[in-house]
Amino acid sequence: MACTFQNTDEASPAALTDLCLSYVSQNLEWFCVKHPDGSLCFREAVLFPQELADQLLAKMATEGLLNDSTVGVFRSCEYLRLRRACIRTARISAEALQRSLCPHRLLELDAARVNADLTIADILQGLATNKYCQESLQRLILTGLTMSSLEEPIQYRFSSLQGLRSLSLANVDFYNSGLADVCSLPRLESLDLSNTSVTNLSPLLGLKERLRSLTLHQLKRLEMSTAQLLGVIGQLDVLQHLDISDDKQFTSDVARQLLGQPGILPALISLDVSGRKQVTDAAVKAFVEERPGMTFVGLLATDAGFSDFLSGEGNLKVTGEANETQICEALRRYSEREGFVREALFHLFSLTHVMEKPRPDILKLVVLGMKNHPATLNVQLAASACVFNLTKQDLAAGMPVRLLSTVTQLLLEAMRTFPNHQQLQKNCLLSLCSDRILQEVPFNRFEAAKLVMQWLCNHEDQNMQRMAVAIISILAAKLSTEQTAQLGAELFIVKQLLHIVRQKATQGIVDATLKFTLSALWNLTDESPTTCRHFIENQGLDLFIKVLESFPNESSIQQKVLGLLNNIAEVGELHGELMVQGFLDHICDLLHSPEVEVSYFAAGILAHLTSRGEEAWTLSLSQRASLLEQLHSAIMKWPTPECEMVAYRSFNPFFPLLECFHTPGVQLWAAWAMQHVCSKNASRYCSMLLEEGGLLQLENVQAYPQTHRDVKSLHTPTQVAARHRSNFTENKLFDQEDFHPITGSHYK
C-alpha cells in the first residue's frame, strides 16, 4: 500500500486537504496535551472522517513526524478511526504500535521499512491483541523488517490473520518454516517473497487454488532446480501475476524454460523476467500470443524487448531499455528496486541528452527513484545527471514549480549524503545553476548555500568554481539578514572567497568567476558586522585596493568592490580601519567617475565615514571638509539612471544619515539613494519605507528649517510612498532579481 494523497499534479496548487494535513502534522503539539507517558492527545474530541484519519497517519509517516509521542493521537478509535494504516519508515516502538494502532479494525497495514527495533514478531503480537483485526486485516506489508529479535524468538504466526488476502515479506529474513505457516492462510491471494531466505517453494502448492499474484524477485538462496521450480509454479492454475525477475544477473535459465513451456499458467496476464538471461523476442511473443489477455511483460536488463510487438506502446505494457516508453514503465514499476532503478536511469540519461521539450512526467519518475534510494550512490549519480538534462537551459521554465522544489531538495540531500564524491557534487551544482531554480523555486537556500560553500572550499576545478560562486552570490542575496550573517560568520567562507579574488587579481584576469565572487562577498557582508570584521581581519581591504589598482578601467569591478566597501563603512566600529589616506585617495578619485554607478558607491563610503562627526574623524579636518564639499557637488551632477542600479534589504542603514543636518552632503546621499530605488521599484520599496518608518523620517527632514535647500529640492519618495500607503503589505523577505548564471550583471 503506497502512501498517496489526493493531489499528485505538481502543476496545480497543492490540495487544501494536503495543506491542512501538513499543517496539523507539523504543529501537532499546538492542538494536543501530553499524557504522563509522553504521548499526545487532542485537546478537544475531534471526529475525523475515516479517510482523513488514514491520510493524517500517512502524512505524519511520510514527513518523518510519526513517533511514540505523536502516534498517541490515534489511541482514540472513536474519533480517529483507521482502516488503511500507513506507517512506512516511521520510528515507533512495539508498545506504541500496540496501544495506538492495533486496537483499530484495520483493513490494511503498511509497515515497510519501519525502524529496526520494531520486528515482525512485535507486529503480529500487537495484531493478536485485537480479535476483530485478525479477521478484518486483508493487506499486510512488512518489507524490509526483521522477523524477531535474537532474545525473543517469534511466538505469533501469520496463520492467526485469517482474513489476510495480500502479504509482502520482501527483503525479510524469512525462511521455509515461515512459508509453511503463511501458506496455510485460507484467503491469501497475493504473496511477495522477494529477496528472502526461502530455499524451497513447495509449500506454495497449498495455495494453488487461490493464489493470483506471486512475486519471487531475487530469490538468492533458492535451492530448487529449474524443473522443480517450474513444477511448483506450473500447478498454480489461477495465477495471474508472476514475477521471477532478478537484478543480480544470475545465470539461471528459468525464464527461458518458462517461456518455452506450452500451456503453463493459462490465466497469466502479467509476467516479469527482467534481469534474466536467454530471453528472446521470439519466445516472449509466442508466450504472449498464447495468452491474449496479457497486459504486462517485464524485460529490463534482458536481451529482449526490441521488436515492434514488444514496444510497450499498445495495450501490452513492457519494461525494458529499447525506448522511452519501456524505460519510463520500468521507473514507474520498479521504484523500490535499487538495481532496476539504476539500470533504467542509466538508459534514460542517454535519451534525455536530446530532449527539446519540458518533460515533467519523466522528471517525476526520476524524483521517485531519488526519494526511495537516498543512500545509494549509483542511483543518485544517475538521477542527478538526468535531472540536469531535464532542467537545463529553457527546459526548467516548462517544469511546475512544486516539482522543481522537490527535486532541488533531493539534490541538496544527495550533496549532504555524498560530500566527497566529486562527480555527484558536480551534477548537483550543474542542476542548481539555473535561473528558474535559483530565482523562483522555493527550497532551503540557506542549506544550499552552506553545501555549495563547503564544496568550493574543498575543490579547485575552475569551471565548477565559477558555477559555485555564481550560485552562492545569488543565494546570498535571497537569504534573510540573519541567515546571511550566520553564513558569513563562517570564517572559512570569507577566506575562500578572498582567496579566489586574490588569485584573479594576481593573474590580472577579469572573468565571470571574479565577478561572481565579488558579488558573493558583497551580499554576504550586507548588514553583517561579523562578516565585515572577517573581511578586514583577512586583509580584505588591502586586497580590494589592489583590485581597484589592477583594473582601473573596469567599471563593473569597481561597482562591486565599492558596493562591498559600502557595507564595511556601515559598521561604525570598523571606520578606523578605513581611515587610511591611500584608501581615501582611491575613493575620492572614483567619486568623480563618469559612471554614476561607480560614483554612487564611492559617495556612499564617504557619507558613512563622515557621518559620525569631527570627533570620530582621525585624519585632517580640512580633508574631511573638502571631501564633504566634493560629495555634495558630485551628487548634484548625477544624471537620473535609466534602471535600478542597486537593491536593498532594508532602509535602516540610511536613517542615521538622514539625521546629519550638519553635513548636508551626507543627508543628500541618503535621500538620493532612497529616492532612486523608490522611483525605480515603487511597489517594493515604498512598502518597505512605510513598514520601517522611513516615510516619517523623510517628512521630518523636509519640515526641518535648517535642512539644506538641495535636500529639500530633491524629489523624495514621500509622495510615491503616500500613494502606496493603502496598498501596504508586509514584505520582510528580501527577494532580489540578481543576475543570470552565465551572462548578466549583479546588483546589490
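Q: How many aromatic pairs does the structure hold?
A: This is a predicted model, and the structure holds 17 aromatic pairs.

Q: What makes Phe158 and Phe174 a pair, and why is the pair called edge-to-face?
A: Ring centres have to lie within 6.5 Å to count as a pair, and the centres of these two rings are 6.3 Å apart. For edge-to-face, the planes must be over 60 degrees apart. The planes of Phe158 and Phe174 are at 80 degrees, so the pair is edge-to-face.

Q: Which parts does the pair of Phe158 and Phe174 tie together?
A: Phe158 is in the loop between strand 5 (139–141) and strand 6, while Phe174 is in the loop between strand 6 and helix 7 (176–182), so the pair ties together parts that are 16 residues apart in sequence. Phe158 and Phe174 are both buried.

Q: Which residues form one aromatic cluster?
A: Among them are Trp522, Tyr600, Phe601, Trp638 and Trp672.

Q: How do you know that the charged end of Arg105 sits over the ring of Tyr132?
A: The distance part of the test asks for CZ of Arg within 6 Å of the ring centre. The charged end of Arg105 is 4.0 Å from the centre of the Tyr132 ring, and Arg105 is listed as sitting over that ring. Likewise, Arg291 lies over the face of Phe287, at 3.6 Å from the ring centre.

Q: Why is Leu167 called buried?
A: Buried means under 20% relative accessible area. Leu167 has 1%, so it counts as buried.

Q: Where is Leu167, and what is it in contact with?
A: Leu167 is in strand 6. Leaving aside neighbours within four places in sequence, its contacts include Leu140, Phe158, Val182 and Leu191. Leu191 is also the bridge partner of Leu167 in strand 7.

Q: How do you know that strand 6 and strand 7 pair?
A: Two strands need at least two bridges between them. Strand 6 (residues 166–168) and strand 7 (residues 190–192) are joined by 3 bridges, so they pair, and they run parallel.

Q: What makes strand 3 and strand 12 the edge strands?
A: The open sheet has 10 strands in the order 3-4-5-6-7-8-9-10-11-12, with parallel pairing. Strand 3 (84–86) and strand 12 (317–319) are its edge strands, as each pairs on one side only. From one strand to the next, the twist averages 5 degrees.

Q: Why is Arg113 called partly exposed?
A: Arg113 has 32% relative accessibility, so it counts as partly exposed. Its place is in the loop between strand 4 (108–110) and helix 5 (120–128). Phi of Arg113 is near 55 degrees, a positive value in a residue other than glycine.

Q: What about Gln278: why is it called partly exposed?
A: Gln278 has 41% relative accessibility, so it counts as partly exposed too. Gln278 is in the loop between strand 10 (270–272) and helix 10 (281–290). Its phi is positive, about 65 degrees, although Gln278 is not a glycine.

How values were computed: Residues numbered from 1 in each chain as written. Predicted model: local features only at pLDDT ≥ 70, side-chain atom pairs only at ≥ 80, totals over all residues. Heavy atoms only, no water. Helix = DSSP H or I, 4+ residues; strand = E, 2+ residues; numbered from the N terminus. Axes fitted to C-alpha atoms, helices over the stretch in contact; angles between N-to-C directions. Phe/Tyr/Trp six-rings, centres within 6.5 Å; stacked < 30°, edge-to-face > 60°. Buried < 20%, exposed > 50% of the residue type's maximum accessible area, 1.4 Å probe, protein only. Lys NZ or Arg CZ within 6 Å of the ring centre and 35° of its normal. Contact = heavy atoms within 4.5 Å.
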